[in-house]
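Dear colleague,

Please look through it first; my notes on what was found follow below.

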Amino acid sequence: MRILHFYPADEQIISQHVTMLQEGMGLEAENHLAANVDDARTLLLGSHYDIIHLHGCWRNASRSIVNIALRKGCRLVVTPHGQLEPWVQEENYWQEKLPKRVLYQQHIIRQAYAVIIQGSMEQECMERLKWNNRLVTIRNCVITSSISKTEMARQTFKLYQKVMDTNTRELLLPEMHQHLKTIIMAGITGDIRWIPSSAVSALPSAQSIPWREVLLYAHHEQITDTILRGLRILNIEIPDIDVEHIDHFWPEGYREAQLIGTTIGNLFASENERLLASFRIIRKLMSSGQFSIKHLIELDRELRQHPCEEEELCDTLKERQLWKLARRTMQLMADRTGLTEGFMPVEPLNDYKTRMYRKQIDNHLKL
């Protein structure tokens, strides 16, 4: 894990704090320090960092550095060092603090994966501001003897790991997403013969798979059973990682996905009626931003295992204004679960709304 600390060198307490973090963390993380904007820009543009840790507030340079870091795929952690407390904000409020708050300071705090606070007073202040609810208390050994340098560094590294264990789908390379589609298809069908030989031969070795990110992604999306079954079908050895006990952040408003089948029940006169009920639920899920890959996998299994009267279904979908939604869902399944047109009751549709729903699925766990 590579961390870049951006901090004001003229603030002695902050400077000591950053130095102690670097020393206390040892080899657990590679910590780089940058006190001025030119050094920070050079480091960010020259190599990859997992996290940018911003120390302090109200520096104009922070806005440009954070923007560069986020474009480069860094995740943001902020330690305000008490500089958002009321007495600080009130100082030169109209001429300085209010303009800076509007221009960038509030936005930076909102973008952070986590905000490190150093005491109860600062926590009360941040809770009143309501700029970010991912508040983590880690005391500063520079200003209190209640924590050692080693423990402060340990807790900070633990937070860094929690940040990196959040929304791990975003961390996976594009080729790994393609491999996940193959693994999911194997997990749904239960038979390697259904998988194109080119997709199987393209799979990476077990040693090349970023297991922590992949298994966390499966766990967070509630598709672990499908992923593990697919890996077994493909004869890929799975390491023993207890992802259920790995800490992470959930996005605001997150709700655990419910199976479509559980929602609609089983009392249907025909498979067509069951599919119609499924598409009605999918419409609700999409409109509420709760549609996920778990639902695509569930519907994929349904279509593969239970044939329907396609002509009759198409007519009814049109009558009930579900025709285009069904076609867009077919496209999403082709993209994410490998469903082929032979199993699709309607022709797939890839339009701007399909792209919008695809983005919704991809950003399902984004903070």
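Which elements do the buried residues of α3 pack against? Please note that the model is a predicted one. The partners are the strands β1 (2–6), β3 (51–55) and β4 (75–79), together with the helices α2 (37–46) and α5 (93–111). The helix α3 itself spans residues 60–71, and its buried residues are Ser62, Ile65, Val66, Ile68 and Ala69. These residues lie on the same side of α3, because they cover an arc of only 160° around its axis. After α3 comes Gly73, which has a positive phi, near 90°.

Turning to the cysteines, the structure contains zero disulfides. Cys125 has as its nearest cysteine sulfur that of Cys57, 9.5 Å away, and Cys125 is buried, at 4% relative accessibility. For Cys308, the closest cysteine sulfur is in Cys314, and the 7.9 Å between them is too far for a bond.

Salt bridges number 18 in the whole structure. One of them joins Lys100 to Glu96, with the closest N and O atoms 3.0 Å apart. The two residues are four apart in helix α5, and therefore separated by about one helical turn. Lys100 is buried, at 15% relative accessible area, whereas Glu96 is partly exposed, at 23%.

Another salt bridge pairs Lys366 with Glu170, at 2.7 Å between the closest N and O atoms. Lys366 lies in the segment after α17 (352–362) and Glu170 in the loop between α7 (149–164) and α8 (174–189), so this pair ties together parts 196 residues apart in sequence. Both residues also belong to a network of salt bridges with Arg75.

Yours sincerely

How values were computed
Residues are numbered from 1 along each chain as its sequence is written. This is a predicted model: local features need pLDDT of at least 70, side-chain atom pairs count only at pLDDT 80 or more; totals for chains, interfaces and linings use all residues. Side-chain values use heavy atoms; hydrogens and water are left out. Buried means under 20% relative accessible area, exposed over 50%, partly exposed in between (1.4 Å probe, protein chains only). The arc is that of the directions from the helix axis to the C-beta atoms. Contact means heavy atoms within 4.5 Å. A disulfide is a pair of cysteine sulfur atoms within 2.5 Å. A salt bridge is a side-chain nitrogen of Lys or Arg within 4 Å of a carboxyl oxygen of Asp or Glu.
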